[in-house]
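Let's take a walk through this structure together. Have the sequence and the 3D view side by side, and we'll go from the sheet to the metal and then to the ligand.

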Amino acid sequence: MNFFDLSPEEKSAYQGKYKLDPHTGVDSVSFWRDQFKACVHPNFGSPPKPEGLSEILCEYTEKSREIMKELLKAIMEGLELDEDDFEKSLELNSGDQIFSANLYPPCPQPELAIGLPPHADHGLLTLLIQNDVDGLHIKNKEKWVAVNPIPNSIMVNTGDHMEVCISLGKCSFTKFSQEKYAPCSYYVCFVLWTLSKGKYKSVVHRDVVNNKQTRVSLVMTNGSSKETDAT
Ligand SMILES: O=C(O)CCC(=O)C(=O)O
Ligand SMILES: [Fe+2]
């Protein structure tokens, strides 16, 4: 991934269309990362530079969607839910996939900075590839636990949408007209999420930075179709 090696001028050509989140100077530091973010499915978007990025990203998008579907099938099987229904109702083939590449350069004063504040991902499953530099923490019983990168592995996080779906116990999703029902369905999602005693909790995580090594992560979040809502 040489995207981060492009000059600031070249990168800024993509500002807005593809989200860039440049790290700030130490005086005003709060976030210490560069980020490239693009929606890659159902409509594929990628900058034309650097050469080859678009092709690799397109292939990775397809492959990671297949991995997600296999993982979801296994989860459904484990919960004795009908996996075909789940796939059909969530319309996984037209589900959103958002790709981000994060670069956390060495930070002169890591105690004043954070790479990424605590959050949970929105989608069903997030696939994360990272280099061998520590930085990712997950919250377990109110304590932060460092996740040691395993070489050549893909880490899988459960997202908010997964928690909501599984906590329903049975999948029952209907396609709404977005305009008519959007405010109501957001409310339904919120209530379900709040009341959820989900078997698959979404994982709260954060990234800390260090003053020695550059950390890189490639993140693919996979969601259900935009037009699918929990009922
Ligand atoms: O960089 C990481 O390790 C995690 C990134 C992340 O959590 C995200 O992009 O949502
Ligand atoms: Fe995340």
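**From a strand pair to the iron**

Start at His137, whose bridge partner in strand 10 is Arg206. Before going on, a word on the ground rules: this is a predicted model, where local features need pLDDT of at least 70 and side-chain atom pairs count only at pLDDT 80 or more, while totals for chains, interfaces and linings use all residues. Residues are numbered from 1 along each chain as its sequence is written, chains are lettered from A and ligands numbered from 1 in the order in which they are written, and side-chain values use heavy atoms, with hydrogens and water left out.

Strand 6 (residues 136-140) pairs with strand 10 in the antiparallel sense, over 3 bridges. Strands here are DSSP runs of E, at least two residues, numbered from the N terminus, and two of them pair if DSSP finds at least two bridges between them. Zoom out and you'll see an open sheet of 4 strands in the order 4-10-6-7, with antiparallel pairing. Strand 4 and strand 7 (143-146) sit at the edges, each pairing on one side only.

Now for the metal. Which residues hold the iron ion (ligand 2) as protein donors? They are His119 (NE2), Asp121 (OD) and His205 (NE2), at 2.1 to 2.2 Å from the ion. Donors are N, O and S atoms within 2.8 Å of the metal (3.2 Å for Na, K and Ca), and water is not among the atoms, so sites may look incomplete. Along the chain, the donors of the iron ion follow the spacing H-x1-D-x83-H. His119 in strand 4 (residues 116-119) and His205 in strand 10 (residues 205-207) link distant parts of the chain, 86 residues apart.

His205 is buried, with a relative accessible area of 5%, whereas His119 is partly exposed at 25%. Buried means under 20% relative accessible area, exposed over 50%, and partly exposed in between (1.4 Å probe, protein chains only).

Both histidines turn up again at ligand 1. A polar side-chain atom of His205 lies 2.9 Å from an oxygen atom of ligand 1, and for His119 such a distance to a ligand 1 oxygen is 3.1 Å. Asp207 has a side-chain N or O atom 3.0 Å from an oxygen atom of ligand 1. The protein covers 94% of the 290 Å² of accessible area that ligand 1 has on its own (Shrake-Rupley method, 1.4 Å probe).

Conventions:
Polar contact = N/O pair within 3.5 Å; in protein donor to acceptor, adjacent residues only side chain to side chain.
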